2 protein chains.
Amino acid sequence: MDEGAILQELGTRIRAQRKRIGLTQEALALVANVDRSYYGAVERGERNVTFTVLCRLCIALRCDVAALTEALPPGE
Amino acid sequence: MDEGAILQELGTRIRAQRKRIGLTQEALALVANVDRSYYGAVERGERNVTFTVLCRLCIALRCDVAALTEALPPGE
């Protein structure tokens, strides 16, 4: 399992959802109550978020975790 | 957001999927390459797994993350 690639794919999907709802990184980080630079690193796939942080991001992104994680990990 | 309740719900869903594929906790922990007692705590909702650990569990559970996370967090 390529953990780096999985985190990058998750970050890409998080970014796409943020753009879909028209928020900036600053606004999303504020709503999700996470540090702005931490959030940017999540979008770049540089942070291995815990499940509860991912849930907080999903509340700010207005979607559930399933919406971001179809076919992750690949092959399942 | 009630983090404890969310982790318990995730653990309950992980346990149900494990039973669906007929594995013991020992066997699942072995396949997922996680400590057996850590895995038991995950099922009880006592561990806030990282995304890559959740992906490793999903490979052992033969499902994707989305299959375990519909409507989590609640309300999204």
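Predicted model: local features only at pLDDT ≥ 70, side-chain atom pairs only at ≥ 80, totals over all residues.

I started just past α2(B), where N33(B) takes a positive phi of about 60°. Helices here are DSSP runs of H or I with at least four residues, numbered from the N terminus. Residues are numbered from 1 along each chain as its sequence is written, chains are lettered from A and ligands numbered from 1 in the order in which they are written, and side-chain values use heavy atoms, with hydrogens and water left out.

Next, the helix itself. Which residues of α2(B) are buried? In α2(B), residues 25-32, I found Q25(B), L28(B), A29(B) and A32(B) buried (under 20% relative accessible area; exposed is over 50%, partly exposed in between, with a 1.4 Å probe and protein chains only). They sit on the same side of α2(B) because they cover an arc of only 100° around the axis, the arc being that of the directions from the helix axis to the C-beta atoms. On the other side of α2(B), L30(B) and V31(B) are exposed. I then checked what the buried residues pack against: α1, α3 (36-43) and α4 of chain B.

Then the interface. I looked up contacts (heavy atoms within 4.5 Å) and got 26 residues of chain B touching 26 residues of chain A. The area buried between the two chains is about 2200 Å², with 68% from carbon and sulfur atoms; that is accessible area (1.4 Å probe) lost on putting the two parts together, summed over both.

How many salt bridges are there between chain B and chain A? The count is 2, taking a side-chain nitrogen of Lys or Arg within 4 Å of a carboxyl oxygen of Asp or Glu. E3(B) forms one with R56(A), the closest N and O atoms being 4.0 Å apart. The largest share, 7 residues, comes from α4(B).

Last stop, T69(A), in the segment after α5 (65-68) of chain A. I have it as buried because its relative accessibility is 0%. Leaving aside neighbours within four places in sequence, T69(A) contacts L10(A) and R13(A), plus F51(B), D64(B), V65(B), A66(B) and T69(B).

Terms used. Helix = DSSP H or I, 4+ residues; strand = E, 2+ residues; numbered from the N terminus.
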